[in-house]
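Here is a quick briefing to read with the model open in your viewer. Take the topics in any order you like.

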Amino acid sequence: MVTIISNGKSSITIFIILCCILLHLADIQAATPPYFSFDGFNLTEDGDSLEFIGSGTSIDNGALQITPDTTNNDPSLHNQFGRIMYKHPFNMWLSDEIQASFNSNFVINIYRNTAPAWNAGEGLAFLIAPDLSIPDASYGQWLGLTNAINDGKQTNQIVAIEFDTEKQEYDPNDNHIGLNINSVNSTATVSLDDYNIELSPEVPTNYRVWVHYNGTSKVMEVYMVQDGQPKPEKPLLSKTINLKEYVNQKSYFGFAASTGNPQIELNCVLKWSLEIDDLQKKSDLLWLKIGAGVGVPLVTLLILCGVLYLYKRKRRGGGGDEESKALGTQLRWLPGMPREFKYKDLKKATNNFHESMMLGQGGFGVVYKGILQDKDHKTSTEIAVKKFSRDSIQSKDDFLAELTIIHRLRHKHLVRLVGWCYEKGKLLLLYDFMPNGSLDKHLYEASNQNTLNWRRRYRILAGVASALHYLHNEYDQKVVHRDLKASNILLDSDYNARLGDFGLARALDNERNSYAELGLAGVPGTMGYVAPECFHTGRATPESDVYGFGAVVLEVICSRSPGISINHHQRLYSLVDWVWMLHREGKIEEAVDERLGNDYVDDEAKKLLLLGLACSHPIASDRPQTQDIFQIISGTMPVPNVPPFKPAFTWPSMVTAFSSSDSTLTSTTFSS
Ligand SMILES: *[C@@H]1O[C@H](CO)[C@@H](O)[C@H](O)[C@H]1NC(C)=O
Ligand SMILES: *[C@@H]1O[C@H](CO)[C@@H](O)[C@H](O)[C@H]1NC(C)=O
Ligand SMILES: *[C@@H]1O[C@H](CO)[C@@H](O)[C@H](O)[C@H]1NC(C)=O
C-alpha cells in the first residue's frame, strides 16, 4: 500500500493506515462466527453435543426424532412432546443496540402415515430457549413449547418458529408457520397453502428452511422450499422483533415438537446448521472502530450522555413511596417478625448487589451473598439476601405470602429467615448463609465429586424428608412446599440439608395453592419434578411434594437430572423410567452414581432407589406419605413393594377403596 512517508503529515498518515489495518482485522475476525453443522445425525458421533429432553426423543434413521419414531414402539405415539437442543448456549445480546445476528438452516420431515391413515398433528418448532428443560404436559396444542399453566408468560423467554399441522382456535388453518413469542398463540402466521407447501403430505416430503435474524435491523425472516430447490428470493414470513426483549442473554437453540390424540405425526429434523455472531468480539471491536475512526471527543460525548441518562433513570425510579410505607407497616405488625434492615446497609453488605456476590437465581428473584459488618467493625456475619425482581407485578403478594409462612416455621432442616427489608418498592429477605451452596452444584460439578460421599447423600435425604414431614404434619397448618428440587436444597457447613425457597409455599387451608391462580410462569415446570396430576388439577398437594421428593432422591443417588434423557441400549429414557427399567432388569444398583465407585452401602442404595420409584408413582394416592418416608429412611419401616413395570397415569385417578390417611395401606398398595 503506502510505502514512502516523507513529509510532515507522516504521523497522520500512519494513524490512518493503522486505522485501516485495525478495521480490516475487525472485518476478518467478525467473519468467523461460532458455527455448527450437522449433515445428518448419528447418536454415537453427535449425541454428546445435543441434549435430549423428553422421553420419546431420539436419533433414528439419521435424523433427530423430536417425538417418538415408529421404530420405537414404547411409548406410544400419542400425546408426546420433546425437545432436542444444541448443548452449548450462545450470547444473544449485549445491549439493545448490540444483538447477535444468526442464520440457521435445516431440513425437516413431518411424516404422516397413510396406511393406517393418520390425521397429522400437532407440530414442530425451531426454538430459542433459556435452558435445557421442557415444561411438563406440553403435548397436543402446546408443541413442546409451553403448557396450560405457563403459556403466554414472559418468564418463558422463548421465541420459536412453528410448523403447525393442527388448527386451534387461534390458528389460521392446519398448514401454517408462525412466529411464537412465549406462547403457542403466534404473533404472526402465514398459511402455507398460498405457497404450494403441505407440511405433512401423503408422499413424505423434506422441506428446507432458513431462519435469519439481523441483529441490527431486528428483522426475523423465514424462507422455506421443498428440499433440493434453490432458496427463494422473498421470505415467507418477515417480522421485526427485538429479541433482547424476550430471550435470555445466554440462550440455547434447538427443536421442540408434540403429538396429540388422536392426531399423530413423526417430527424429524434431517440436517441442521447454525451460525451466530460472536458478540464478545464484536463489542470490543466496535469500541475499537469508534475509538480509532471517530476519535476521543465523540467517545467523551457518548459517556456524558450515558451518565445523564442513568441519572435521569435513577430519579424517575423513586416513585411508589406511599405503597411502600403501607406495606412496611403491615410487615412490622406481623407477629414474630425477625429484624428489619435498611436498604442502604444491604446494598453495602452485597457490594451494591455486585455480580460477584450472586449466589443464584430462585423463584421471583436473585440471591446474593452479603457480609454485615458489626457497628464497631470488629465482627462480621454472612447472610444470603434474596432480592425480589421489581418488574414482576406479583412481587408484593409473593413477598407477603413467603413471609407469612416462613417467619413462623422453625425446623433444623429449613433455611432460617433472619431479616427483611422493604423500601422504595424494593423487596428483600435475609436468610442464614449456607456456605456449601445448593445441592445441585455438588451433584453436577466435576470438581466437587468428592464432597458428596455416601454418608452425606444419605443424611441430606433424611434431612429433606424430615423437613417435609414437619411441613406436612407437624406444623399447625399443613404447608406444601410446591417447588422441591435440588437447587432449592441448601447445604450448611456440615453438609446438612436445609430446605429453602418457600416462595411457592402456601398454607393449605387458605385455598391459595392453585398454580393457575398464582399466575406462575415456568416455575412449576422444571421437567421431572412436577407430579402429572398437577397439570390436570393445577393444585399442589402433599402428594405432589412427595413426587418432587422422589425425583430428588433419584437425582441424589444417580447424580442425574430428572429432566435429561439417558441413553440405555440405544433408547432414551427419563431418569424415573431408566431406574424403573434397571429395577425390572434386576440390577437397580447400576443406577448409583458411578463416581462413588464401591464407596456406598448396597442395601441403603437399593432402599433409597426403590423409595424414589415409589414416590414417583404416577397415581398420587399410591405414593407413600411423608411420615412413612421418614420411617423408611430411618429403617423402622420396610420399603414398599415396587412393581416391575411403571403403572400408567390415569386421569381422573381411580379412587382407592382406602382412605389415603391410612399409612400402612398407602405404603403397600403397589401390587405386581
Ligand atoms: C455412527 O457412527 C459410528 C462411529 O463413527 C459408526 O460406527 C456407526 O455405524 C454410525 N451409525 C450409523 C447408524 O450410521
Ligand atoms: C391469541 O392472541 C391474540 C392477540 O395476540 C388475542 O386477541 C387472542 O384472544 C388470543 N387467542 C387465544 C385463544 O388465546
Ligand atoms: C442488517 O440490517 C442492517 C440495517 O438495516 C443492514 O445495513 C445490513 O446489511 C443487514 N445485514 C444483513 C446481513 O442483511
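In this predicted model, a polar side-chain atom of Asn185 comes to 2.4 Å from an oxygen atom of ligand 2. Around ligand 2 you'll find Glu169, Tyr170 and Asn185, where being near means having a heavy atom within 4 Å.

**Ground rules**

- Residues are numbered from 1 along each chain as its sequence is written, chains are lettered from A and ligands numbered from 1 in the order in which they are written, and side-chain values use heavy atoms, with hydrogens and water left out.
- Since this is a prediction, local features need pLDDT of at least 70 and side-chain atom pairs count only at pLDDT 80 or more, while totals for chains, interfaces and linings use all residues.

**Aromatic pairs**

- A search of the whole structure turns up 22 aromatic pairs; rings of Phe, Tyr and Trp (its six-membered ring) pair if their centres lie within 6.5 Å, with planes under 30 degrees apart called stacked, over 60 edge-to-face and the rest tilted.
- Phe38 and Tyr86 have ring centres 6.2 Å apart and planes at 65°, so this pair is edge-to-face.
- Phe38 belongs to strand 1 (residues 35-38) and Tyr86 to strand 5 (residues 81-86), so the pair ties together parts 48 residues apart in sequence. Strands (E, at least two residues) and helices (H or I, at least four) are DSSP runs, numbered from the N terminus.
- Phe38 and Tyr86 are both buried; that label means under 20% relative accessible area, with exposed over 50% and partly exposed in between (1.4 Å probe, protein chains only).
- For Phe90 and Phe253, the ring centres are 6.0 Å apart and the planes at 65°, so that pair is edge-to-face too.
- The Phe90–Phe253 pair links distant parts of the chain, with Phe90 in strand 6 (residues 90-91) and Phe253 in strand 15 (residues 250-258), 163 residues apart. Both of these residues are buried.

**Charges over rings**

- Lys231 lies over the face of Tyr223, 4.5 Å from the ring centre; the test is NZ of Lys or CZ of Arg within 6 Å of the ring centre and within 35 degrees of the ring normal.
- Lys387 has its charged end over the ring of Phe353, 4.6 Å from the centre.

**Helix 9**

- How does the span of helix 9 (residues 454-474) check out, and why? At 1.5 Å a residue, its 21 residues should span 30 Å, and the end C-alpha atoms are 28 Å apart, which agrees. The expected span is 1.5 Å times one less than the number of residues.
- Helix 9 is mostly covered, with 15 of its 21 residues buried.
- At its start, a side-chain oxygen of Asn453 gets to within 3.3 Å of the backbone nitrogen of Arg455.

- The Gly121 to Glu122 peptide bond is cis, with omega near 5°, and Glu122 is in the loop between strand 7 (102-111) and strand 8 (123-129).
- From Asn261 to Pro262 the peptide bond is cis, with omega near 10°; Pro262 falls in the loop between strand 15 and strand 16 (266-276).
- Asn61 isn't a glycine, but its phi is positive, near 50°. Asn61 lies in the loop between strand 3 (58-60) and strand 4 (63-65) and counts as exposed at 69% relative accessibility.
- Gln157, also not a glycine, has a positive phi near 55°. Gln157 is in the loop between strand 8 and strand 9 (159-164) and, at 24% relative accessibility, counts as partly exposed.

**Two loop side chains**

- Thr350 is in the loop between helix 6 (343-349) and strand 18 (358-362), and is buried at a relative accessible area of 0%. A polar atom of its side chain lies 3.3 Å from the backbone oxygen of Lys347.
- Ser76 is in the loop between strand 4 and strand 5, partly exposed at 38%. A polar atom of the Ser76 side chain lies 3.1 Å from the backbone nitrogen of His78.

Note on methods:
A polar contact is a pair of N or O atoms within 3.5 Å; within protein, one must be able to donate a hydrogen and the other to accept it, and residues adjacent in sequence count only if both atoms are side-chain atoms.
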